[in-house]
Amino acid sequence: MNVNLLIFLPIVAPVICGILCWLIPEHMKKIRSIFAVLCTMTIGWVSWKIFVSGNVSFTTTWFISTINFSLKAGDLSRFILLWIWGFSFLISIYVSSRMYFERLREFLTYLLITAGLASGAVLADSFIVLLFFWEALLITLYLFVALGSSENSVRTAVKSFVLVGFCDFCLILGIALYWKITGSFDFPVHPLCIKGMAGLSFILMVIGATGKAGALPFHTWIPDAAIDAPVSFMAYLPGSLEKLLGIYLLTRICLDFFTITPGSMASIGLMTLGALTIVIAVSMALIQKDVKRLLSYHAISQVGYMIVGIGTGIPAGIVGGLFHMLNNAVYKSALFLGAGSVELKTKTTDLKSLGGLYNQMPVTGICFLICSAAISGLWPLNGYVSKEMVIHGALESGYKIFAVASWIGAILTFASFLKASHSIFFGEKKENLKEVKDSNVAILFPMILLALLCIFFGLYSKLPLNMITGAINIGQHHDFSEHALNIFNMASGITFACLIFAFLLHRYGWLKAGKKAYLASEVVHNLPAIKTLYNLAEKRVFDLYVQGMKLIGALSIALYYGFDRSSDWIYEKAVVNSGTRAISSLRSVHRGNATQYVTWIFVGVVIVTIFMLIF
Amino acid sequence: METSFFALGTVFVPILGSLTIPLAGLVSKSFRNFWAVVLAVVTFILPLFLMRDVLQASTDKFIFYYPTIPNFDFILLIDSFSVFVSLVSSFIGALIVLYSIDYISHNENQNEYYMMVVMFIGSMMGLVFSGSLIFMYLFWEIAAICSWRLIGFYRHPLHIVKADKSFLITFFGAVVMLFGFIQIYDCTHTFNITMMQNVPVSSLAIFLILIGMFSKSATFPLHTWLPDAGVAPSTVTSLLHAAVLVKIGVYAYARLFCYTFNIPGEWNIAIPVLVMFSSLVSAGAALVEYDIKRILALSTVSQIGYIFLGFWTKTIIGVAGGALFILMHGLAKAGLFLCAGIIEHGTGKRDIRELGGLFKSMPFTAISFLACILSVIGIPPFGGFFSKFMVISGTVEAGRPGIAFMGLMVAVMTAIYLFRLFHGVFAGENKTYGHEGSKLMVAIVLILAILSLLCGVFIGIFGSFAEISACQLLRGIR
């Protein structure tokens, strides 16, 4: 096959396969599941072929002579593409093993179409092609969330659609402004300096990218979706795919579309957004008592590290941010899948109702613990390497406050995962959970693989780091892997101190709560001023969607009564009422009297004659 | 055959043909239905030949003169834009006539119904091909009379009041517009729009003409007749909202203000603000209303703002976006109204508070409805994405990013009220019994939903034609 046409396969083939999946009848569901897994595997192999083929591209004129349909498997695109299909393959195996899952047909269809659209978004080499695939993902996002069995699923689906849609619309405007400056919708050869209209374009594009990745303040659909949507969706979209896409675009914005210099306003702005995302989201994660909600807040919080890293504008930070994106996708997927495995066997994800499952679910337990350690940044796992790189980047940028935010994040992340792991797998065994056994191999396989990757990418970070440094343009070649696991430096020392503090915090909270692990975070929760903030957050005072909807509701009522109904009232009065009166008065003179009619005609003729004589 | 033959046929086959429908009704009901469908389909097929001629021709446009009395010549102006709009309108019109066969089958006065619908389509054809202001006005008013009869079709006293209201507002606008035309005639001494290009026009004339356009295309503050017209049969409301009536105003805007005159500077500032404010007001109102048809009607008012905005930009991308918007919105909105018809038919209700959980009993209607709302919101791969994106880009190119931002905020509100509508009808608790529409009705809404999708997937075909139209339109004033 022509290698340039090969680039279409990861986009078109999954959409066709997804439709075929939908068409396979219900009594052949095993065949459908096998078909879906084979599809993801085959297209994953195609992605590998594209990955090793080098810069494959395709361009043709699209719907207007100045607009091209351009695809290009650039270095970073190929790298992300590979991981999109890696995760799609693992999730398809995980989901297919749950044959009783009544919405399996829809899930597999959406999964394949989502992967195809995501592939299109990363392979796009023009802004409009990017937008086309990027925004189309809104549909599968909505459909995925609506698949949930909760009564609020549909409402949450709309929430996710509106919030992510708003970010996408910002991206549209950002792109339109960029086009106004450069005069082309193709990806630029030379990045723009961030000033004037370009600055506005940069901000809008960043909202589009970080909104998709799940950063503050457009994140609030994710915790809701954790409860209302299938857990495998959480592992797939907010857990991995959206992070890959959002951070991919942010990297392109910061490296290829605009020039970000360390210490610039853009750099500081991005790092501030990242730092706030880390601290606020992880603070919310700490007090959660449902493991899925807890994980969802971590899915948001971890984006903060990536944004801080990329925002530094320093090679160590950028590569660290991208490596963190990959690592987060790996362990976050595994953690959601682990939570799903626990839910499958125990029918609950409430930490209070769980406990002592380690002996009954050892493989799930080990995988969950490894991934918890990785996300907490424990040495020598992958999370440690990427977080340290981000912290080093922040320190190197000269703004230590962002490194401090990362350390605060590290404390609270570890504390919350100690709570979660402790509550689920250790402590008192619940009576109703004594018969529980571990999940089957198909469910465990993706988790095992991802947990092993956490270890491998930690111990042998050279491979992913070289892939990332080769995929982006950061000037001279850097080899960050040499010092990746170095613990004899100040930053690592502070990190270790943070982790020890987090352990002590958990232990103190656990003892204070009468050895109830799920209440271990209450010591922080009940701190005087913090408690008020938490209460406000729980009441959704800070939920942009809830407040935005209230605002839109009030605005709508004002517009409706102030303009729509009031103008209609005028028509009703002026047109309908006066028309009715005029007609009834005219009726009153039509009495059927011939003499009267002749008189009217005569008067009319006189008036017309006078009028014509005057004018 | 000659281009003029196809152009005359496109206009007069439906207009004169509609007069024969009551005669066909004397033969039999089914023959009358068949005859109405034939007329509507022929009205769609004839512009296809015109499209071929326009694309193959070496000139931008064909102009045919048919002398009547001095200064009142009947002039046909055929260019890619008029052919584009006629194709969209006649295609949707033909689908609506087809859908009507089942929808209207239990009602009385069907002869009148089909006659008015086909004449309505014919008046639109006449308007788009008119090269004379006076004939444009004539067809404009024929459409108004047809819509007046059709809105009050059920003869309920309240419906008649609403029909009168619609007629009076649009008629008032049209008369005011006629004064504007007379002002222009005073300067140019002709009603032939091909001979008045680049003529400076007074602000007052623009104002008067805009009142006519805004009243017909239901733009704030002359919009409230359109939601009230929801008392008409669903097929008719589709015609009013999607294919014909509200497009008359935007077509006239494009023809006069993109092709013919240069708008004075102050109007260049006022128009985008006015149309986007209209979109915002109607989007806000749609979030408060509960009646399906009223919500969809307000959605039309809201979306019309984008079309005006696109044509206002006078940039290739904006004008092409406006032209594509006519197509994409026409398909999706027709789909939505016809779905509303199926819902009303199947449940007897239109209030979303009394509906819910109909997805299971009306799956095809629900899927079509969802596809159409995605297109109206502007989500790819549906066609609505491209048209909205082009209008927004055109607005930015025209130097008004603030208005473009407002446009995007309206798009967010569109998503909110349309999903509120979708969930109110199809999701949640099942509050009422409902059944799927007839095979023909469901097939039509599915076709419209699929076309909304295909127009996005194969945007290259439609986009390039819209671009040619935009280039030709803008060449008129350059």
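Ile468(B) counts as buried because 20 C-beta neighbours lie inside 10 Å, the rule being that a residue is buried if 20 or more other C-beta atoms lie within 10 Å of its own, exposed if 12 or fewer, and partly exposed in between, with C-beta atoms placed from the backbone. The residue belongs to helix α18 (residues 459-475) of chain B, where helices (H or I, at least four residues) and strands (E, at least two) are DSSP runs numbered from the N terminus. Between the C-alpha atoms of Ile468(B) and Pro227(B), which are 241 residues apart along the chain, the separation is 34 Å.

This is a predicted model, in which local features need pLDDT of at least 70 and side-chain atom pairs count only at pLDDT 80 or more, while totals for chains, interfaces and linings use all residues. Residues are numbered from 1 along each chain as its sequence is written, and chains are lettered from A and ligands numbered from 1 in the order in which they are written.

**Helices and strands of chain B**

Helix α3 (residues 80-103) of chain B has 24 residues, which at 1.5 Å a residue should span 34 Å, and its end C-alpha atoms are 34 Å apart, so the two values agree; the expected span is 1.5 Å times one less than the number of residues. Of the 24 residues in α3(B), 23 are buried. Strand β2 (residues 74-79) of chain B is also mostly covered, with 5 of its 6 residues buried. It pairs with strand β1 (residues 61-66) of chain B in the antiparallel sense over 6 bridges, pairing being defined by at least two DSSP bridges between two strands, and Tyr66(B) stands opposite Phe74(B) in β2(B).

**Chain A: overall make-up**

Chain A contains 23 helices and 4 strands, and its C-alpha atoms fill a box of roughly 115 × 60 × 60 Å, taken along the principal axes. Of its 615 residues, 55% are buried. Among the contacts in chain A with a separation of 6 or more, 79% join residues 24 or more positions apart, a contact being a pair of residues whose C-beta atoms, placed from the backbone, lie within 7 Å. Strands β1 (residues 56-61) and β2 (residues 68-73) of chain A run antiparallel and are joined by 6 bridges; a hairpin of 6 residues links β1(A) to β2(A), and Val56(A) stands opposite Ala73(A) in β2(A).

Helix α14 (residues 362-376) of chain A has 15 residues and reaches 21 Å from its first C-alpha to its last, close to the 21 Å expected at 1.5 Å a residue. Because 11 of its 15 residues are buried, α14(A) is largely enclosed by the rest of the structure. The buried residues include Phe368(A), Ile370(A) and Cys371(A), and the buried set packs against several helices of chain A, among them α12 (291-311), α13 (315-346) and α17 (441-459). The helix is followed by Gly377(A), whose phi is positive, near 80°.

Leaving out residues up to four places away in sequence, Cys371(A) touches Tyr331(A), Ala334(A), Leu335(A), Gly338(A), Ala451(A) and Cys454(A).

| Domain of chain A | Residues |
|---|---|
| domain 1 | 1-125 |
| domain 2 | 224-521 |
| domain 3 | 546-614 |

The C-alpha centres of domain 1 and domain 2 of chain A lie 27 Å apart, and 20 residues of domain 1 are in contact with 25 residues of domain 2. On the domain 1 side, α4(A) supplies the largest share, 13 residues.

Between the chains, 37 residues of chain A are in contact with 44 residues of chain B. The side of chain A that touches chain B takes the most from α22(A), with 14 residues, and its residues divide into 28 nonpolar, 5 polar and 4 charged; here Ala, Val, Leu, Ile, Met, Phe, Trp, Tyr, Cys and Pro count as nonpolar, Asp, Glu, Lys and Arg as charged, and the others, Gly among them, as polar.

Terms used: Two residues are in contact if their C-beta atoms, placed from the backbone, lie within 7 Å. Domain bounds come from an automatic or database domain assignment.
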